[in-house]
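Student: I am new to this structure. Could we go through it with a few questions and answers?

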Amino acid sequence: MDRAAGLFASVFTLGVQLIAAPFMGFLAEKVDIRATGRPMPEESIPAMTVRVFKRELRKTWYWLWRAVLILFVVLVIYFIPVVNVLASTVWFLWSGWLLGMQYIDFAADNRQVPFTVMLERLKSKRWMVLTFGSVVLGLTMLPLVNLVIMPVAVIAGTLIWVNELADDAPR
């Protein structure tokens, strides 16, 4: 029963994120402009569509093959007595990293920062990104809180990008 509920929650959250993604990009844009006072780069709608589509494919490739590897590791760990208690922790931390990356990426993408550059910056603040994503993941598990966590996470991820990871972030 618990696994079915977890699977349902994961699929539901993924579906909501896919539907809400364009709106979250606009939210990140407004937060970025308000925080920095700088306008977004000029770009036509067709160019933006192609750029965003390519980025999503790149991001999906990034997490998909790694998820398969981590799933394999988790399955191996799961069948080792005593060590198997770490399986859930490994998967939770991986999911936290992905959520941190996802919510920070809205701001990086709006500023047209290449995915590889954004990823390097995230890795330079690995613990901050992992902590942020893990907190967001934990909050998505709370009833009612999970209804508002997406926009809050986009706002927080945008502020993390602006204040910690962007080229002109105060250091």
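Tutor: A residue is called buried under 20% relative accessible area, exposed over 50%, and partly exposed in between. Keep in mind that the model is predicted.

Student: Is E43 buried, exposed or partly exposed?

Tutor: The side chain of E43 meets that of R51 in a salt bridge, at 2.8 Å from N to O. The relative accessible area of E43 is 29%. Since that value lies between the cut-offs of 20% and 50%, E43 is partly exposed.

Student: Is K59 buried or exposed?

Tutor: K59 forms a salt bridge with E56, and their closest N and O atoms are 3.1 Å apart. Both residues lie in helix 2, three residues apart, about one turn of the helix. E56 has a relative accessible area of 33% and is partly exposed. K59 has 3% relative accessibility, so this residue counts as buried.

Student: How many residues apart are K125 and E164?

Tutor: The side chains of K125 and E164 meet in a salt bridge, 3.0 Å from N to O. This pair links distant parts of the chain, with K125 in the loop between helix 4 and helix 5, and E164 in helix 6. The separation is 39 residues.

Student: Which helix gives the largest share of the nonpolar patch?

Tutor: The patch lies on the surface and includes F72, V73 and V76, with about 720 Å² of accessible area for the whole patch together. V76 is found in helix 2 and, at 40% relative accessibility, counts as partly exposed. The largest share, three residues, comes from helix 2.

Definitions and conventions
Residues are numbered from 1 along each chain as its sequence is written. This is a predicted model: local features need pLDDT of at least 70, side-chain atom pairs count only at pLDDT 80 or more; totals for chains, interfaces and linings use all residues. Side-chain values use heavy atoms; hydrogens and water are left out. Patches are made of residues with over 30% relative accessible area and no salt bridge: like charges are joined within 9 Å, nonpolar side chains (Val, Leu, Ile, Met, Phe, Trp, Tyr) within 5 Å. Accessible areas come from the Shrake-Rupley method with a 1.4 Å probe; for residues, only the protein chains shown count as cover. A salt bridge is a side-chain nitrogen of Lys or Arg within 4 Å of a carboxyl oxygen of Asp or Glu. Helices (H or I, at least four residues) and strands (E, at least two) are DSSP runs, numbered from the N terminus. Buried means under 20% relative accessible area, exposed over 50%, partly exposed in between (1.4 Å probe, protein chains only).
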